[in-house]
Amino acid sequence: MKRSVVGIAVAAGVAFLGVQVLGTMPVLPTIGTEVVAHASDAETVVDSGTLGTCPWTLTADGVMHVKSGELPEAKPQYEGGDPVTPFLNIQIQESGAPKENEFNTISLDDKVTTPENASYLFSGILGDETAPQIKNWQNLDTSKSTNFAFMFDASAQNSVDASNLDTSKATDMQGMFSYTKKVTGYENLKTNEVTIMKGMFQGYGDLDNPSSLDLSSFDVSKVNDADGGFSDMFSNSHLKSISLGNWQPQVPLTGIFDGADVSQLTLSSKDNLTGSELSDLDPDTDPELTDYTGKWENSNDQYLKPDNPNKTTYTSADLISKYNGSTAPAGNQTYQWEPTVTPGNPITIHYVDQDGKTIQPDSQLPGTLGDNYTVNPDTIKGYQYVSATKGSLKGTYTSNPQEVTLSYKVAPVTPVTPGGNGGTSNATSESSNTNDSSSTGDQGHAVVIAQKDRAISAVKKLGLYSTPNFSKKTRQFYYAKQKRTLRPQFVITGVAQSKNGVKRYLVRDVNTGSKRYGKTGYITAKQAFTVHTYYQHSPKQVKVISGTNAYRDKALKQQVKHLKRGEVLRVKKLVRYHLTTRLVLNDGSFITSNKTKVIEK
């Protein structure tokens, strides 16, 4: 089944549980301006009802609490590819108009069981940013379900957590994650009884931030051609890499890549690409491909120049012919688009103390094959660089891996003169107002440039690049613009300049739980693109925008109380703690000053 983005976007409503039960629809007043949630809102019930046998209550803070029971089926299972009347039909009006019956969260508070036919249960409108977000996925019991078709189709969830989904009885996964933005934990899905995966990840992902899918753990041995098999499985998806390693399909992967511009592909010797519709690469007609030759290369050969006799490249037709169901290389092989400029094997840099103990995570210095490289030792707080104990600080990129080990010694401590200015206080010293107290973009405060070892957050879409010279070739990926509570966060580890003298930040990704966590690279230093993650001045009062805690000390280790969204707190002063800052409340307790948690009033 092919479905266009436009066709989904004009759907009438968001389907949660796919059944029309208008008598139990939770209704909130029309919202024209922001409703400030008070501490008691989470306890004030404004409506209640039943979903199947699951009791639910709606509290004044916009949370629908679903209790233990079994959810009803979404009917009809298939009718033109869409459910006829979605349940909990949220009225999405013209752009800019108020949204009625609005609630922001569906919380599965207890064990919630899905029926045998779980198709369409959480399907909904594509791309609607106001759709309620489901939490406590771990309470969803899918152990009795066999039909997962279109279960999360266009669900408008920021992320679907499939980690705890029991799919041991699943036979139908058609369109299960079609047009979803992100799925985590899909590697845990049991697929050994599944007979159809048609359109399973059709339209999946984010155009501005393509992701990867590693499906090498999937057992596809029972998928057959009777109902469409693998057709459109990745059709029109936004994926940079797909792994079908370890697969042993019994039928060809017909139509599996229709419209998918995947640039890296891992295949098993049993994968039959006949009729797979793997896209041709044409740099002459597609401006996005101008950095590539139009051929595929084995990733093992990526550091060999095109004229190297040991290197073989392939057109899409060549690759399909190579994996034809009868002859294919043994084991798993990864193929990728061949770049016009052959990269050198990156220089891996290790950071150790004089006893050989690692004091900072390894980094890599990429570059072009044959070009010269220079390793500039990082400045590491508390240490002084001594020498390179392995490898050379200067050299030439080759096709072989190279390593450089940098040795550091503990830096001497400068004594502090009592009452004097010599020897600045350490990172945990307290201050309610420092020289760089204003944060980039803080309301009503001067804009300052972020410093090394400070945490910053992206407020606009920005790219992470492998070198200070920004281009499509050096861009590793984009970070999409996110709402305040989900802003991508980084720590500045250095400052560099492009060959044209433009300032760049060398940063490390510190988004816990992200696949990019720990990645390093360069981002723009333009102040309009980032703000300090933590307040650098002391606001008079803040409002909690995401539940957080108050603690007895600035290490945030001894919890005093929990602070709910919407609470307004008076601030006494700001103190520093390592790379962050804390806010001291009037009662002497400490809270984070992270702007994803609190906002200045």
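Guide: E338 counts as buried because its relative accessibility is 3%, where buried means under 20% relative accessible area, exposed over 50% and partly exposed in between (1.4 Å probe, protein chains only). The model is predicted, so local features need pLDDT of at least 70 and side-chain atom pairs count only at pLDDT 80 or more, while totals for chains, interfaces and linings use all residues. Residues are numbered from 1 along each chain as its sequence is written, and side-chain values use heavy atoms, with hydrogens and water left out.

The side chain of E338 forms a salt bridge with that of K311 (3.0 Å, N to O); the term requires a side-chain nitrogen of Lys or Arg within 4 Å of a carboxyl oxygen of Asp or Glu. Side chains of opposite charge can pair when their charged atoms come close. K311 is also buried, because its relative accessible area is 9%. The pair links distant parts of the chain, 27 residues apart: E338 belongs to strand β16, and K311 to the loop between β14 (292-298) and β15. A strand is a DSSP run of E with at least two residues, numbered from the N terminus. Together with E297, the residues K311 and E338 make up a network of salt bridges.

Strand β16 (residues 333-339) pairs with strand β13 (residues 264-267) in the antiparallel sense over four bridges; pairing requires at least two bridges found by DSSP. Within β16, Q336 stands opposite Q264. Both strands belong to an open, mixed sheet of six, ordered β11-β12-β13-β16-β14-β15. Its edge strands, β11 (211-214) and β15 (313-314), each pair on one side only.
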